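User: I have a structure open and want to learn how to read it. Can we go through a few features together?

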Amino acid sequence: MTRIAIVTGAARGIGAATARRLAADGYAVAVVDLDEAACADTVAAIAEAGGRALAVGADVADEDAVTAAVDRVTAELGAPTVLVNNAGILRDNLLFKMSADDWDAVMNVHLRGAFLMSRAVPRHQVEAGFGRIVNLSSTSALGNRGQANYAAAKAGMQGFTKTLAIELGPFGVTVNAVAPGFIVTDMTRATAERVGVPFDDFVAATAKEIPVGRPGQPDDIAAAVSFFCREDAGFVSGQVLYVAGGPRA
Ligand code: NAP
């Protein structure tokens, strides 16, 4: 039986790698992102590798869009039992310069988005008696200068994860979080631009502080998500796995 997975923010970066990995693991994958057209590369890569994927445009912070997206996935791919809440944005600034809009934008995508998606999918998981939800947290949950909004959201993802693990466990649904350290994506490229450092220099300087001596790649995170989604990982729930090349960033 083919299981259906939804990965949000899957047009690029960690989400795209996770979508490709879950497809290789045998899932049919709904590639959800703000712009449906932007999902084409991920869908094509999955198809080229012999997998099955569907591009779905949706803003995860929009209640109606989330309902429509999950309904469309159910109609066109099948009932989703795996959900990866990966969509994310940065609006970094020091607290005294941070606008309320930048606070709200980050809360909306990470927390409201994960809430809306996680509320829409469990009816299918409960029916199947099986489900996996994986939320993307971050080492920034431990505190990071210039990221009061993002750190609060990513710490919030951890409490959200543990609570859903308690509520959904009786229905065969596990809920876990992966907390990446520094991963080479457009998100970290944008951070380098903001601080005015060439990306290669930024990556090299960061890698020096990472115990395994290299920056993370999207596939490193996809592998951790893949583990939590396994059928035989059903006794692992409510956990936060830091994937940072060391104990923390
Ligand atoms: P990325 O390259 O910036 O990709 C994020 C994707 O999410 C983009 O395709 C973006 O679409 C999409 N997105 C943004 N807002 C959305 C919304 N409201 N609805 C649907 N999709 C939306 O980021 P990434 O580095 O792969 O990060 C993925 C996740 O890992 C995020 O939750 C991030 O916070 C977390 N994380 C990343 C790192 C890192 O070092 N990269 C470290 C720790 C945690 P647009 O391009 O249209 O905006």
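Analyst: Start at the ligand. A polar side-chain atom of K154 lies 3.0 Å from an oxygen atom of the ligand. Keep in mind that this is a predicted model.

User: How many residues surround the ligand?

Analyst: The count is 29. The closest are R12, D33, N86, Y150 and T185.

User: D33 is in that list. Where do the side chains of a strand point?

Analyst: In a regular strand they alternate between the two faces of the sheet. Now look at β2, residues 28-33. A28, A30 and V32 point one way, while V29, V31 and D33 point the other way.

User: Is β2 enclosed or open to the outside?

Analyst: 6 of the 6 residues of β2 are buried, so the strand is largely enclosed by the rest of the structure.

User: Which strands pair with β2?

Analyst: β1, residues 4-8, pairs with β2 in the parallel sense over 5 bridges. I4 stands opposite A28 there. The chain goes from β1 through α1 to β2, in a right-handed β-α-β crossover. β3, residues 53-57, also pairs with β2 in the parallel sense, over 5 bridges. Here V32 has V56 as its bridge partner, and D33 stands opposite G57.

User: What does the chain pass through from β2 to β3?

Analyst: Helix α2, residues 40-48. This β-α-β crossover is right-handed.

User: How do I read the faces of a helix?

Analyst: An α-helix has 3.6 residues a turn, so residues three or four places apart point the same way. In α2, T42, V43 and I46 are buried. Seen down the helix axis, the buried residues of α2 fall within an arc of 100 degrees, so they line one face. Exposed D41 and E48 sit on the face turned away from that buried side.

User: What covers the buried residues of α2?

Analyst: The cover includes α1, β2 and β3.

User: Let me try a single residue. Is T174 buried or exposed?

Analyst: T174 counts as buried because its relative accessibility is 3%, and buried means under 20%. T174 lies in strand β6, residues 173-180. Beyond its neighbours within four places in sequence, T174 contacts residues including G131, I133, F228 and V236.

Technical notes:
Residues numbered from 1 in each chain as written. Predicted model: local features only at pLDDT ≥ 70, side-chain atom pairs only at ≥ 80, totals over all residues. Heavy atoms only, no water. Pairing = 2+ DSSP bridges. Helix = DSSP H or I, 4+ residues; strand = E, 2+ residues; numbered from the N terminus. Right-handed = clockwise from strand over helix to strand, strands pointing away. Buried < 20%, exposed > 50% of the residue type's maximum accessible area, 1.4 Å probe, protein only. Arc of directions from axis to C-beta. Contact = heavy atoms within 4.5 Å. Near = heavy atom within 4 Å. Polar contact = N/O pair within 3.5 Å; in protein donor to acceptor, adjacent residues only side chain to side chain.
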